[in-house]
Amino acid sequence: MVISNPIWIWDPNSSVPSQHRPFNSPIYTHTSLLQASHTNLTLTMNALAATSRNFRHAARLLGLDSKVEKSLLIPFREIKVECTIPKDDGTLVSYVGFRVQHDNARGPMKGGIRYHPEVDPDEVNALAQLMTWKSAVADIPYGGAKGGIGCNPGDLSKTELERLTRVFTQKIHDLIGVHTDVPAPDMGTNAQTMAWILDEYSKFHGHSPAVVTGKPIDLGGSLGREAATGRGVVFATEALLAEHGKSIKDLTFAIQGFGNVGSWAAKLIHERGGKVIAVSDITGAVKNPNGIDIPELLRHKETTGSLKDFQGAESMDANELLIHKCDVLIPCALGGVLNRENAADVKAKFIIEAANHPTDPEADEILAKKGVVVLPDIYANSGGVTVSYFEWVQNIQGFMWDEQQVNNTLQNYMTRAFHNIKSMCQTHDCNLRMGAFTLGVSRVARATLLRGWEA
């Protein structure tokens with residue numbers, strides 16, 4: 001028997017893959033070695049430290065009792081299971097599967113399942129906690145969770161991935177559920193993974209389409225889910241710009257990351273008349289001061305698998321994109337990309353955090369002194385979990401919405417959340433990041449106290 005024992009380092013890219021992306025697509029191959037080279041223990045510690053710092057700062061602003069503060073930090077449950085499967089060649093291999101369930105004061109716990117060889121359990125704990133605050137900021141009735149399996153999906157066949165997913169589901173089926181914990185896709189997983197979890201879970205509990213979100217449309221997935229995170233980023237951007245008397249059509253944009261989130265954000269900004277002047281991803285970077293034809297760039301990438309050699313723009317150094325002259329910078333890929341080395345050189349007036357934790361604490365301070373407005377990830381990329389909530393609601397009702405209803409309702413939620421954040425900023429005299437954290441933490445704390453946590 002081969003025992004898989006990876007060195008665990010977190011890769012914070014959490015773009016939700018396409019609902020219909022096959023398992024041999026780049027989402028399953030580029031996240032192992034190429035992105036891992038960009039992540040390190042320093043980034044992991046920065047992300048953990050930033051999460052803890054932001055929570056404690058919010059707790060101080062809210063005047064939370066120290067016992068309540070400690071209670072909100074400790075996870076509700078941590079699950080770790082062995083998953084042994086036969087490979088296609090007949091050998092047995094074992095992987096470690098896990099699930100961190102952080103808080104259920106406001107409703108069932110919610111968060112992605114990732115398949116990746118380098119996953120740090122402490123980081124997953126922090127991400128589960130962030131899901132608690134993110135759900136509360138969006139005002140959807142969920143708590144936070146996160147989990148996955150330490151494997152490289154690019155090294156496994158589709159049948160091996162199915163076996164692994166089913167064994168993992170068998171081990172945790174009593175600990176997840178429609179009103180307990182609702183998983184979703186994350187890095188290295190997709191709609192097909194969710195379909196296998198649904199099927200295996202239903203063998204034990206009867207047909208339960210609401211047990212996972214991000215499913216294929218044919219199994220109860222929601223229209224609009226694939227574009228939800230990118231669309232939510234655009235709605236959040238519109239709300240922020242309106243506050244400053246500006247609109248998308250008058251501004252220039254640079255987008256780092258052209259996967260699911262980045263490509264949808266670019267497409268929707270282009271449709272609204274915004275000028276996307278620079279785009280980068282793992283394959284390269286391109287720029288055009290007159291604006292890139294995004295539909296053409298999407299076709300080029302679909303055909304070639306790369307941004308390179310695109311005729312409608314000139315190539316540029318991918319590292320230069322973050323400091324490229326533009327009005328709005330949207331990091332959609334890795335965490336920690338804005339740091340003390342490059343923050344002082346950022347020329348954008350607004351930064352929309354579509355990625356998880358793209359700005360480290362030192363960069364935050366530098367950008368604040370420069371007067372750059374940062375829209376935090378805890379709000380900006382919450383469109384995905386919000387439409388996951390809509391999918392869950394549709395499954396429970398047994399009544400599906402059309403795509404226009406999904407998109408309109410998402411816009412209402414994103415706009416309302418922004419105004420709630422601004423209200424907290426005014427109450428506590430703080431920036432948007434602290435406004436979002438105080439909003440999320442206060443809602444969870446209030447629910448916890450109302451339920452009688454000391455009993």
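Some ground rules before the residues. The model is predicted, so local features need pLDDT of at least 70 and side-chain atom pairs count only at pLDDT 80 or more, while totals for chains, interfaces and linings use all residues. Residues are numbered from 1 along each chain as its sequence is written, and side-chain values use heavy atoms, with hydrogens and water left out.

I start with the annotations. An unreviewed UniProt entry gives T229 and N260 as "binding site". UniProt positions are in the numbering used here, feature names are shortened, and annotations may be inferred rather than shown by experiment. The two residues are spread over 32 residues of sequence, but they cluster in space, with a largest C-alpha distance of 8.3 Å.

T229 is in helix α7, residues 228-243, and N260 is in helix α8, residues 260-271. Helices here are DSSP runs of H or I with at least four residues, strands are runs of E with at least two, and both are numbered from the N terminus. Are these two residues buried or exposed? T229 counts as buried because its relative accessibility is 7%, and N260 is buried at 6%. Buried means under 20% relative accessible area, exposed means over 50%, and partly exposed is in between, using a 1.4 Å probe and protein chains only. A polar atom of the N260 side chain also lies 3.1 Å from the backbone oxygen of E226.

The unreviewed entry also lists K110, K134 and S388 under "binding site". These span 279 residues in sequence, yet no two of their C-alpha atoms are more than 12.9 Å apart, so they gather at one spot.

Next, the aromatic rings. Rings of Phe, Tyr and Trp (its six-membered ring) pair if their centres lie within 6.5 Å; planes under 30 degrees apart are stacked, over 60 edge-to-face, and the rest tilted. How many aromatic pairs does this rule give? The count is 9. One of them is F390 with Y413, edge-to-face, at 5.4 Å centre to centre and 70° between the planes. This pair links distant parts of the chain, 23 residues apart: F390 is in helix α12 (383-397) and Y413 in helix α13 (403-428). F390 is buried at 1% relative accessibility, and Y413 is buried at 15%. Ring pairs also join Y142, Y389, F390, W392, W401 and Y413 into a cluster.

Helix α12 holds N395 as well, which is buried with a relative accessible area of 11%. The C-alpha atoms of N395 and T213 are separated by 9.3 Å, although the residues are 182 apart along the chain.

Last, the second largest pocket, with about 320 Å³ of space. A pocket is an open set of points on a 1 Å grid over the protein atoms alone, where a 1.4 Å probe fits, with protein on both sides within 12 Å along at least five of seven lines; lining residues have an atom within 4 Å of a point. Points are joined across faces, edges and corners, and the volume is the space filled by probe spheres set on them. Of the 15 lining residues, D364, A368, N431, R433 and M434 are the closest to the centre. Which element supplies the largest share of the lining? That is α10, with 4 residues.

Notes
A polar contact is a pair of N or O atoms within 3.5 Å; within protein, one must be able to donate a hydrogen and the other to accept it, and residues adjacent in sequence count only if both atoms are side-chain atoms.
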